[in-house]
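This report describes the charged pairs and the contact surfaces of one structure.

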Amino acid sequence: MSTLDRFEIHEHDVIVIGAGGAGLRAAIEASTNGASVGLVCKSLLGKAHTVMAEGGIAAAVANVDKQDDWQVHFKDTMKGGKFLNNWRMAQLHAQEAPERVLELERWGALFDRTNDGTILQRPFGGHTYKRLCHVGDRTGLEMIRTLQDKGVHMGIDVYMECTITKLLKDDGKISGAFGYWRENGKFVIFKAKSIILATGGVGKAYKVTSNSWEYTADGQILAYDAGAELIDTEFIQFHPTGMIWPPGVIGILVTEAVRGEGGVLKNKDGFRFMEKYDPERMELSTRDVVARSIYLENKDGRGSPHGGAFLDISHKGADYIKKKLPSMYHQFKELADVDITTGPMEVGPTCHYSMGGVKVEADTTATSIPGLFAAGEVAGGMHGANRLGGNSLSDLLVFGRRAGLHASEYAKKNSSKLKLDENEMKLAEKEMISFFERDEGENPYSVHTDLQELMQNKVGIFRIEEDLKYAIEQLKILKERAKKTKIEGSRMYNPGWHMAYDLQNMIIYSEAIAKCALQRKESRGAHSRIDYPNTDPEHGKWNSIVKKSNDGSLVIEKSPLPEMPKELQDLLKEKDLVKK
Amino acid sequence: MSAILTEKPKEKESFGKTQRKDLWWFEPLVYAVGFGAFIFYATWAAFQGKHYEYGPYLSPFYSPLIVVDWWKFSPAFLILWIPAGFRMTCYYYRKAYYRSYFMDPPACGVSEGCKKYTGETAFPLIFQNLHRYFLLGASVLLCFLWGDVIKAFNFNGHFGVGVGSLVLLANTFLLTMYSLTCHSFRHLIGGFKDSFKCGYQYNLYEKISCGNKHHMFWAWVSLFMVGFADLYVRLCSMGIWTDVRLI
Amino acid sequence: MPAECTIKKESMDAGHDLPGEGHKARIATFKVFRGDKNTGSEVEYKVPVEEGMVVLDAIHYIQRNISPDLAVRWNCKAAKCGSCSAEVNGKPRLMCKTRLDDFSSGEEIKVYPMKSFPVIKDLACDVSWNFEVNKKITPFTPKENTSWIMNQRDIDRVQEFRKCIECFACQNVCHVIRDHDLKPKFAGPRFFVRVAGLEMHPLDGADRLEALKNDMGIGFCNITKCCTEVCPEDIHITDNAIIPLKERVVDRYFDPVKIILRKLFVKR
């Protein structure tokens with residue numbers, strides 16, 4: 001019997017891995033373009049991390065501040081990303097975001113309204129104008145539900161609770177993917193002419209994180225293993241405001257919309273400390289600056305009792321808060337016994353987003369492997385050294401659409417029969433089963449706990465050479481430990497087994513973070529070095545590149561920034577047009 | 001997840017089976033007793049056919065008073081079917097008696113045991129859909145009840161206030177609130193629309209919606225009060241209670 | 001739980017992970033359903049309680065320290081994704097929102113999978129039926145030549161319905177599904193909320209009343225409000241979604257005056 005007969009096989013033109021905002025948008029576009037689309041996701045449909053996005057979608061539709069346009073949005077994004085962004089991605093993003101938002105409304109999304117009946121926009125950190133189209137503080141939910149309901153009526157086949165562990169290639173081109181059903185542990189093969197990665201970030205490698213179990217760098221490592229390059233992995237965004245007390249809720253996100261709606265940050269003495277760090281933008285400074293400020297206040301002993309700061313919105317009045325920030329109100333009321341309409345919240349930085357990821361071509365989202373595309377958080381380059389709040393949802397839509405379009409075009413052009421390599425599949429199967437075959441070994445959860453501790457303490461907000469070197473050494477040990485974990489029970493819905501596989505990805509990506517962080521001897525955006533506290537213009541001329549060498553080890557390089565056209569350079573040189 | 005449902009026929013659980021540890025039976029029991037006591041009293045009072053008037057007061061069970069030769073029973077039965085129907089088809093009372101009497105379900109997450117269920121899709125419960133017509137009937141009766149309230153302040157051509165006047169006023173006010181917060185009324189006043197061109201209509205709809213949140217409260221207090229109003233008139237008429245004149 | 005399910009009692013604890021005597025930490029006793037669609041048992045676990053802990057934290061503790069293969073769905077752990085629905089002491093809850101402080105000290109906490117759906121393993125069950133129902137609902141269909149201008153006051157009502165996080169607690173608790181198992185004829189509260197969101201959308205032009213009455217079986221709902229009681233998003237499912245929809249169905253199919261008026265004056 002051939003290997004192929006043993007496996008369940010599904011065939012599509014395009015397979016999308018990940019069903020968050022980017023994955024769904026990509027699937028819809030590919031389907032519209034006539035491709036047969038399969039959407040594979042680790043969770044149930046509609047549960048992806050996009051639902052956690054709260055504040056809004058940044059798009060210069062200029063309903064509230066009429067002066068806004070894509071140029072200003074582009075400039076804000078480049079400034080926020082400390083000019084390390086891929087300029088073309090930032091340009092496309094700023095230009096196309098308004099259209100993508102309006103399109104959502106055409107599909108049934110209901111954003112909050114202005115008095116004129118158009119989409120309401122709120123201010124956010126780093127954005128010159130009021131730019132975030134929002135629905136209270138549950139914008140992500142609105143977006144994913146709209147896309148989900150649009151998608152299910154388009155004939156997209158959704159494969160829920162399925163994890164992809166390997167990309168399959170035929171003669172260097174993508175030919176399919178190998179994975180397992182979480183439900184019963186059986187293996188499955190997807191045959192496809194092109195594959196879109198939309199798997200999100202890597203937050204679960206950190207101890208204090210707003211990310212869920214799914215965020216384990218799957219897509220990044222699938223691409224890396226297949227030979228694609230990763231970019232700017234050292235930039236991990238710590239959201240300045242996560243919950244820090246009680247222990248059960250540590251890391252849960254407190255939306256930036258609290259600050260957007262007028263919330264102020266104070267230290268234990270009641271001093272509004274952002275006056276000191278960014279007197280101009282105050283609380284609406286970029287996330288890297290606010291997160292560092294909270295950290296520094298604590299270092300000097302002026303933090304809140306549980307090591308954070310106080311965020312106060314109570315001056316806005318109970319009705320306004322309940323209308324504009326309903327889920328924040330309930331979240332604090334129910335999980336922390338704090339009434340935010342009468343008192344402050346205690347907040348601190350939490351790992352939130354990975355700016356780096358798979359290196360893609362800006363216009364097409366194509367990776368260096370023919371047939372492999374990537375969009376959303378899994379792709380790198382768009383946000384540079386630091387992402388502005390609200391730019392992620394628009395990123396998902398703009399590049400999700402582009403990925404769907406170009407992947408389906410690619411599939412049309414490459415219609416020749418692709419072969420699946422039996423050996424590749426056998427290896428992938430063997431790797432997954434090996435966890436059950438050992439007589440003894442560690443619990444994968446304890447390795448994960450150690451990884452989180454290591455990354456949090458040594459490769460966290462502030463980094464220093466000796467810590468990074470130590471972390472790189474430790475990661476080698478963790479990698480070996482992770483390979484030798486032992487799984488109890490059967491392959492039926494076994495979270496321990498799932499963790500054992502996810503752990504491998506997290507450790508490789510963690511190595512990429514640590515190595516690139518060591519290479520970047522400056523502080524820029526989300527990457528802060530204690531030993532190199534200043535931004536060095538020389539380091540602003542290159543991006544970090546990570547790839548797998550022929551011997552299987554991880555190597556890093558520097559790659560010069562792509563040349564920006566003159567008109568955009570001039571745009572960035574212009575003095576700020578307006579201030580609020 | 002596989003798309004095919006491989007479901008086996010469910011085991012029918014015995015009535016009342018649950019993992020709930022709280023006193024889930026308490027609420028339906030209170031409703032059953034409260035509602036039952038009212039129905040018992042109202043039926044008895046309606047059958048009496050006497051002691052429904054005292055001075056300027058008329059018991060709400062008998063209003064409007066229709067005395068005709070061909071009707072041999074208590075005059076209450078000529079009109080009582082309207083408020084009875086209004087309450088029986090009321091969206092709130094339906095919940096209460098489906099739970100307390102039909103045990104369908106007795107409480108959330110508590111097993112009903114084995115039985116056939118057609119909900120409100122078949123006879124007789126399909127007639128619940130006519131709630132709005134009972135609302136219409138009840139509104140007509142309300143006009144008469146307000147007339148009775150005016151009469152209750154008229155003691156032989158002179159304005160006066162007795163405790164009974166206030167009881168009837170309170171009763172009619174509560175019944176009005178109960179009717180105004182009705183789900184069907186909320187629908188008819190604006191709930192059927194998808195967008196409001198007229199600001200006044202929207203404001204009215206919002207007010208009714210706001211009151212509708214407390215429909216259960218108005219349902220219970222008005223039920224209690226209407227029973228009490230009848231009892232008050234009845235006991236005064238029987239000479240057991242004395243109506244105190246305030247003015 | 002299926003018919004042949006046998007409940008055995010087992011006990012497990014992490015031993016060394018529990019704080020020694022003299023420690024102030026409280027120990028909570030959990031009884032968790034372990035099994036699949038054929039067989040199952042109730043397993044006892046001892047979990048040390050931390051301040052602010054929720055049931056999902058306890059389940060994670062068990063996974064990390066005692067039984068790594070305990071199956072459970074979860075994602076955001078902040079009551080925003082609706083993945084971790086289960087029955088805690090017989091009540092449908094989100095485990096991430098059920099605090100241990102809500103139980104008295106020493107009280108045993110039973111955690112079972114949702115009862116109205118077939119168990120896959122432990123606390124995970126097969127909710128695919130819900131996704132099938134959703135596919136049958138006519139999607140948003142904008143009116144022709146709309147200007148896309150909407151008043152906030154017109155969308156307030158719909159925004160309440162769009163808060164739904166699809167935890168399916170309402171589907172699980174609804175007695176039409178839970179006790180009478182009318183799944184083929186009845187769509188359930190979640191999808192009445194979805195249809196209400198579409199029907200009341202100021203710019204939607206499609207008509208779903210016939211489907212509501214015939215395919216989705218809104219008449220089976222006897223408005224006993226359990227869906228509203230368990231909704232973690234505080235959506236007034238019965239009062240704001242189901243009853244207004246029932247009234248719209250009455251307008252079309254049961255109100256004799258309206259039916260006659262329509263026959264007389266509306267041209268086909």
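## Salt bridges

Over all chains, the structure, which is a predicted model, holds 88 salt bridges. One of them pairs A:Lys547 with A:Glu229, whose closest N and O atoms are 3.5 Å apart. A:Lys547 belongs to strand 20 (residues 542–548) of chain A, while A:Glu229 sits in the loop between helix 6 (218–226) and strand 10 (230–231) of chain A, so the pair ties together parts that are 318 residues apart in sequence. Both partners are partly exposed: the relative accessible area is 27% for A:Lys547 and 22% for A:Glu229.

In chain C, the side chains of C:Glu108 and C:Lys31 form a salt bridge with an N to O distance of 3.1 Å. This pair also links distant parts of its chain, with C:Glu108 in strand 6 (residues 108–112) of chain C and C:Lys31 in strand 2 (residues 27–35) of chain C, 77 residues apart. C:Glu108 is partly exposed at 30% relative accessibility, whereas C:Lys31 is buried at 13%. A further salt bridge joins C:Asp181 and C:Lys183, with the closest N and O atoms 3.9 Å apart. Here C:Asp181 is partly exposed, with a relative accessible area of 25%, and C:Lys183 is buried, with 7%.

Some salt bridges share partners. In this way A:Arg25, A:Glu29, A:Glu96, A:Glu99, A:Arg100, A:Glu103, A:Arg401 and A:Arg402 are joined into one network.

## The interface of chain A and chain C

The size of an interface is often given as the accessible area lost when the parts come together. Chain A and chain C bury about 4,900 Å² between them, and 54% of this area is on carbon and sulfur atoms. In chain A, the residues that lose the most area to chain C are A:Lys47, A:Leu110 and A:Tyr493, which together account for 14% of what that side buries. In terms of contacts, 60 residues of chain A meet 56 residues of chain C.

Eight salt bridges cross this interface. The side chains of A:Asp149 and C:Arg194 form a salt bridge at 3.1 Å, N to O. Between chain A and chain C there are also 37 residue pairs in polar contact. On the side of chain A that touches chain C, at least two residues come from each of helix 4 (87–106), helix 5 (139–152), helix 11 (326–336), helix 14 (444–458) and helix 16 (495–519) of chain A. That side comprises 24 nonpolar, 17 polar and 19 charged residues.

## Two domains within chain A

The domain assignment divides chain A into domain 1 (240–351) and domain 2 (422–560). Their C-alpha centres lie 31 Å apart. Five residues of domain 1 of chain A are in contact with five residues of domain 2 of chain A. The two domains bury about 460 Å² between them, 75% of it on carbon and sulfur atoms. A:Asp288, A:Arg292 and A:Tyr295 supply 78% of the area that domain 1 of chain A buries against domain 2 of chain A, more than any other three residues.

Which polar interactions cross between these domains? There are two residue pairs in polar contact and zero salt bridges. On the side of domain 1 of chain A that touches domain 2 of chain A, helix 9 (residues 287–299) of chain A gives the most, with four residues. The residues of this side divide into three nonpolar, no polar and two charged.

Terms used. Residues are numbered from 1 along each chain as its sequence is written. Chains are lettered from A and ligands numbered from 1 in the order in which they are written. This is a predicted model: local features need pLDDT of at least 70, side-chain atom pairs count only at pLDDT 80 or more; totals for chains, interfaces and linings use all residues. Side-chain values use heavy atoms; hydrogens and water are left out. Domain bounds come from an automatic or database domain assignment. Contact means heavy atoms within 4.5 Å. Buried area is the accessible area (1.4 Å probe) that two parts lose on being put together, summed over both. A salt bridge is a side-chain nitrogen of Lys or Arg within 4 Å of a carboxyl oxygen of Asp or Glu. A polar contact is a pair of N or O atoms within 3.5 Å; within protein, one must be able to donate a hydrogen and the other to accept it, and residues adjacent in sequence count only if both atoms are side-chain atoms. Ala, Val, Leu, Ile, Met, Phe, Trp, Tyr, Cys and Pro count as nonpolar, Asp, Glu, Lys and Arg as charged, and the others, Gly among them, as polar. Buried means under 20% relative accessible area, exposed over 50%, partly exposed in between (1.4 Å probe, protein chains only).
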